[in-house]
Amino acid sequence: MNQIVKKNKINQEHLARLKKDIERHISRVLDSPTDYIYLSEKLQNEGHGYISPTTLKRVWGYISDKGEQYTPSSYTLKSLCNLIGFNDISEYCSRPANIQSREYKGEYIETLSLPVDTKITILWQPNRKVLLRYVGDESFMVIENENSRLRIGDKVQCSSLTRYAPAFFRVHRGGNKPFSYIAGSDQGIFYHLHSMKMLPDSD
């Protein structure tokens with residue numbers, strides 16, 4: 001399972017994990033041109049070298065002009081690994097995968113670990129509350145809303161949720177252009193996963 005590719009290359013499983021770790025580290029989902037500019041500048045400003053926004057778009061699959069199975073250069077991989085505290089890609093790939101990160105453990109969850117139709121309440125100050133239903137592919141539907149800018153019927157994308165940290169959503173509303181939304185930017189969020197039989201039917 002923990003297959004390390006020679007010559008500082010990386011297989012697609014490790015690359016997907018690296019991208020998740022980068023997004024978690026910068027508390028930002030990379031899915032718009034400004035996100036890649038932000039990461040490029042962050043890498044350079046923190047002394048990890050320059051990687052162009054275009055290269056980062058290829059790594060994340062935002063563009064696929066080099067093919068679907070694009071493999072980043074060793075320089076790009078080293079810079080990304082340096083950002084999250086690893087010397088190089090070999091050291092990153094050698095660490096055990098965080099198995100607990102794929103299931104609910106109290107403080108942090110990855111949304112991909114949730115069964116479809118799982119419902120989760122998210123609360124943050126001042127007096128904000130939403131009830132979300134997981135529809136798969138890191139996406140939720142808003143089914144209840146109190147005092148937030150989200151609306152019932154919005155589809156929101158979020159790769160992870162951490163208690164007492166901000167939550168970063170990509171919001172799809174009707175046929176409008178998706179926009180980013182941060183919940184709990186000051187004090188973070190609190191979330192509660194519901195038992196399926198405790199919830200009213202919201203279909």
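**A walk from the cavity to the loops**

By class, 2 nonpolar, 2 polar and 3 charged residues line the largest cavity (Ala, Val, Leu, Ile, Met, Phe, Trp, Tyr, Cys and Pro count as nonpolar, Asp, Glu, Lys and Arg as charged, the others, Gly among them, as polar). The model is predicted: local features need pLDDT of at least 70, side-chain atom pairs pLDDT 80 or more, while totals for chains, interfaces and linings use all residues. Numbering runs from 1 along each chain as its sequence is written, and side-chain values use heavy atoms, without hydrogens or water.

**Stop 1: the cavity**

Select Thr121, Lys129, Val130, Leu131, Glu144, Asn145 and Glu146, the lining of the largest cavity (on a 1 Å grid, points where a 1.4 Å probe fits but cannot get out; lining residues have an atom within 4 Å of a point). The space inside the largest cavity is about 30 Å³ (the volume filled by probe spheres set on the points). The count is 1 cavity of 30 Å³ or more. Now colour strands E3 (128-136) and E4 (139-146): each supplies at least two residues of this cavity's lining (strands are DSSP runs of E, at least two residues; helices are runs of H or I, at least four).

**Stop 2: the second largest pocket**

Next select Lys20, Glu23, Val29, Leu30 and Glu138. Of the 16 residues lining the second largest pocket, these lie nearest its centre (a pocket is an open set with protein on both sides within 12 Å along at least five of seven lines). The second largest pocket holds about 340 Å³ of space. Show helix H1 (residues 12-26): its 4 residues are the largest share of the pocket's lining. By class, that lining has 7 nonpolar, 3 polar and 6 charged residues.

**Stop 3: two helices**

Show H2 (residues 33-45) and H3 (residues 53-60). They pack at an angle of about 115°, with axes 9 Å apart (lines fitted to C-alpha atoms over the stretch in contact, angles from 0 to 180 degrees between N-to-C directions). H2 is therefore roughly perpendicular to H3 (65 to 115 degrees). From H2, pick Pro33, Tyr36, Ile37, Leu39, Ser40 and Leu43; from H3, pick Pro53, Leu56, Lys57 and Trp60: these make the contact (heavy atoms within 4.5 Å). Their classes are 8 nonpolar, 1 polar and 1 charged.

**Stop 4: two loops**

Most residues other than glycine have a negative phi, and most peptide bonds are trans. Zoom to Asp117, in the loop between strands E1 (108-110) and E2 (119-124). Phi of Asp117 is positive, near 80°. Then move to Pro126, in the loop between E2 and E3. A cis peptide bond joins Gln125 to Pro126, with omega about 0°.

Key
Angles under 35 degrees count as roughly parallel, over 145 as roughly antiparallel, 65 to 115 as roughly perpendicular and the rest as oblique.
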